Amino acid sequence: MSQAVEKAELDRALALDIVRVTEATAVAAAQWLGRGDEASADEAAAAAMHREIARLPFDGIVVVGEGEEGDCPFFYMGERIGQGSPSGTTVDVAVDPIEGSTLCAKALPNAMSVLAVAERGSLLKVPPIYMEKVAIGPGYPEGTISVAATPSENLGALAEAKGVGVQDLTVCVLDRPRHGDLIEEIRSAGAALRLIGDGDIAGVIHVTDPVQTGIDMYLGIGGAAEGVLAAAALTCLGGQMEGRLVALNKEHRAWAKLAGITNLSKTYALKDMVMGDLSFAATGITDGSMMAGVHHARNAIITESVVMRASTRTRRWIKTEHADPNKFA
């Protein structure tokens, strides 16, 4: 068997390995579903994901995680994780054990567990600050949108590319006070709004299938880590995205400086955030528009996940019945 074929086989196996990680993480988070305790849900999910990734056959480095070393017990930036690999497989690891902690704590839709594993050095390393984002789905001329453009300009460009009026477009935005002016401009331009409480990775993914989701564009400021994970998903699904890091306070500026970022006005295109092949997996914690959440049968736990690969643009939807709930202990 050639080295290229061996690598392809390894990649396929790794894609299935990482979905097992997100399944275990979602099950751990679901124990806190609707209990109003975000901190305990986050802690349980992070511990489960860390335990499962540590068993995987690679040498991984966390490049998108929970914070800086010393600030968090799991998934600090630069943490080495994985069992190691006789074949020398080295990867970047990007995690979000609970995308939408508040959604989980309140039992609201679209909470999920997310993991991306990429070729070493191929994911943008970001500090735990914010990112301004704009994203649309596939099928439009490159450069249709720009994070440097105004919302009205981006809406006009997308409407022209799609052959519709701005009034026919729907924009997904995180419902935050900081987005007051953004929301007003979108409405003034004539577009519809889909406000979400949390979960901007899902918000970005929704632009890839506007017929199903009703969302044509994502706009606004969310987590930088979530921005890179959303870019990882778009690399598998197709679409356009740009981001620009945002420091909201002195602490954020200090984190950016520590990460070696000197130009906070720099624009990152999709190819700047994801520069190599990757596998992406997500498992629902609560029921959502992408997949069902964790459900308990009499003697089993049922999960629903998606796993994707950038190189092949394949998507696999996996519904799993875990007959032995104790396997997640």
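## Strands, sheets and a buried serine

Strand β4 and strand β11 (residues 278-284) run antiparallel and are joined by 7 bridges; strands are DSSP runs of E with at least two residues, helices are runs of H or I with at least four, and both are numbered from the N terminus. Two strands pair if DSSP finds at least two bridges between them. This is a predicted model, in which local features need pLDDT of at least 70, side-chain atom pairs count only at pLDDT 80 or more, and totals for chains, interfaces and linings use all residues. Residues are numbered from 1 along each chain as its sequence is written, and side-chain values use heavy atoms, with hydrogens and water left out.

Trainee: Which residue in β11 stands opposite Ala118?

Mentor: β4 covers residues 112-119, and β11 covers residues 278-284. The residue in β11 that stands opposite Ala118 is Leu278.

Trainee: Which residue of β4 is the bridge partner of Asp96?

Mentor: Strand β3 (residues 90-99) runs antiparallel to β4, with 7 bridges between them. The bridge partner of Asp96 in β4 is Val114.

Trainee: How many of the 8 residues of strand β4 are buried?

Mentor: Buried means under 20% relative accessible area, exposed over 50%, and partly exposed in between, with a 1.4 Å probe and protein chains only. Strand β4 is largely enclosed by the rest of the structure, because its buried residues number 7 of the 8.

Trainee: Is Ser101 buried or exposed?

Mentor: Ser101 lies in helix α3 (residues 101-105). Leaving aside neighbours within four places in sequence, Ser101 is in contact (heavy atoms within 4.5 Å) with Glu38 and Asp42. Its relative accessibility is 14%, so Ser101 counts as buried.

Trainee: Which strands stand at the edges of the open sheet?

Mentor: The open sheet has 6 strands in the order β7-β6-β8-β5-β9-β10, with mixed pairing. Each edge strand has a single partner strand, so one side of each is left without a neighbour in the sheet; the edge strands are β7 (192-196) and β10 (268-269).

Trainee: What is the bridge partner of Leu174 in β7?

Mentor: Strand β6 (residues 170-174) and β7 run parallel, joined by 5 bridges. In β7, Leu174 has as its bridge partner Ile196.

Trainee: What radius of gyration does the protein have?

Mentor: The radius is taken over C-alpha atoms, and the globule rule is 2.2 Å times the number of residues to the power 0.38. For 329 residues, a compact globule would have a value near 20 Å, which agrees with the protein's radius of gyration of 19 Å.
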